[in-house]
Each structure stands twice: as C-alpha cells, then as structure tokens.
Amino acid sequence: MKREVLIKVKGIQSMEGRDDAEEPVELVIPGIYERDEEVSRLFYEERMEELDETPTMNVVEFTGQSLTVHKTGLVNVDMVFEPGKMNIAFYETPYGILDM
C-alpha cells in the first residue's frame, strides 16, 4: 500500500547540560506513506531555510519495536530509536559532524 500524506513532526531540540537551550521544533510537510508486511515507511523531502541547496531526503521506518530515521542529502544520518536503549549516531551537516 502506498499513498500521499501530510506528515507532522514535533519535537524539542536541546543540548545536554543546558536547560535554557530547549527549543520546540515542528515540521508539517507532504510525503508518501508506504506499508508492506513487516515495515511502515514515511518518505519526505526537507530543505534548510538558510541554505537553498540540495534537499535532504528522509525515510522513517517503523517496525515492531523500533523506529529508524535515515537522512541523505545536505544532512546525512541513520538514527535508531528503541525502547530502553541508547544508540549513537553521527549527524553530518554542512557545518560539521555532531555526535548524537
């Protein structure tokens, strides 16, 4: 199954050790929802406002017990979210690499 959807992503950006640095983030963007027997996926393109360059293609995969975010383009990262686990990711940006 595949269909066009409107994707809404809400979160909070923060820096460890700085409570005053928390900033809410919200993105509403058109995308594609795809589902097969084992995985549901969202596909959407993201552009950084201050950089009118190559967009970042995002793929969010939902499986039984995990969520994976793949970003490729201007920003590159593979982030895995699993209940009770801490994972490390290297977030590549035009300004450098961030450990997450």
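This is a predicted model: local features need pLDDT of at least 70, side-chain atom pairs count only at pLDDT 80 or more; totals for chains, interfaces and linings use all residues.
Residues are numbered from 1 along each chain as its sequence is written. Local features need pLDDT of at least 70 and side-chain atom pairs count only at pLDDT 80 or more, while totals for chains, interfaces and linings use all residues; side-chain values use heavy atoms, leaving out hydrogens and water.

View 1. Strand 1 (2-15) is one of the elements that give two or more residues to the lining, and strand 1 gives the most, with nine residues. By type, the lining divides into 23 nonpolar, six polar and 13 charged residues. Strands are DSSP runs (E, at least two residues), numbered from the N terminus. Nonpolar covers Ala, Val, Leu, Ile, Met, Phe, Trp, Tyr, Cys and Pro; charged covers Asp, Glu, Lys and Arg; the others, Gly among them, are polar.

**View 2. Gly31 in strand 2.** Gly31 counts as buried because its relative accessible area is 11% (buried means under 20%, with a 1.4 Å probe and protein chains only). Its C-alpha atom is separated by 5.4 Å from that of Val5, 26 residues apart along the chain. Not counting residues up to four places away in sequence, Gly31 touches Arg3, Glu4, Val5, Ile7, Phe43 and Tyr44 (contact means heavy atoms within 4.5 Å).

**View 3. Asn58 in strand 4.** Asn58 is buried, at 0% relative accessibility. A polar atom of the Asn58 side chain lies 3.3 Å from the backbone oxygen of Thr56. Beyond neighbours within four places in sequence, the contacts of Asn58 include His70 and Lys71.

**View 4. Ser40 in strand 3.** Ser40 is buried too, at 8% relative accessibility. The side chains of Ser40 and Arg35 are joined by a polar contact of 3.1 Å (a pair of N or O atoms within 3.5 Å, where one must be able to donate a hydrogen and the other to accept it; residues adjacent in sequence count only if both atoms are side-chain atoms). Ser40 also touches Tyr33, Glu34, Val60, Glu61 and Phe62, among others.

Definitions and conventions
Helices (H or I, at least four residues) and strands (E, at least two) are DSSP runs, numbered from the N terminus. Buried means under 20% relative accessible area, exposed over 50%, partly exposed in between (1.4 Å probe, protein chains only).
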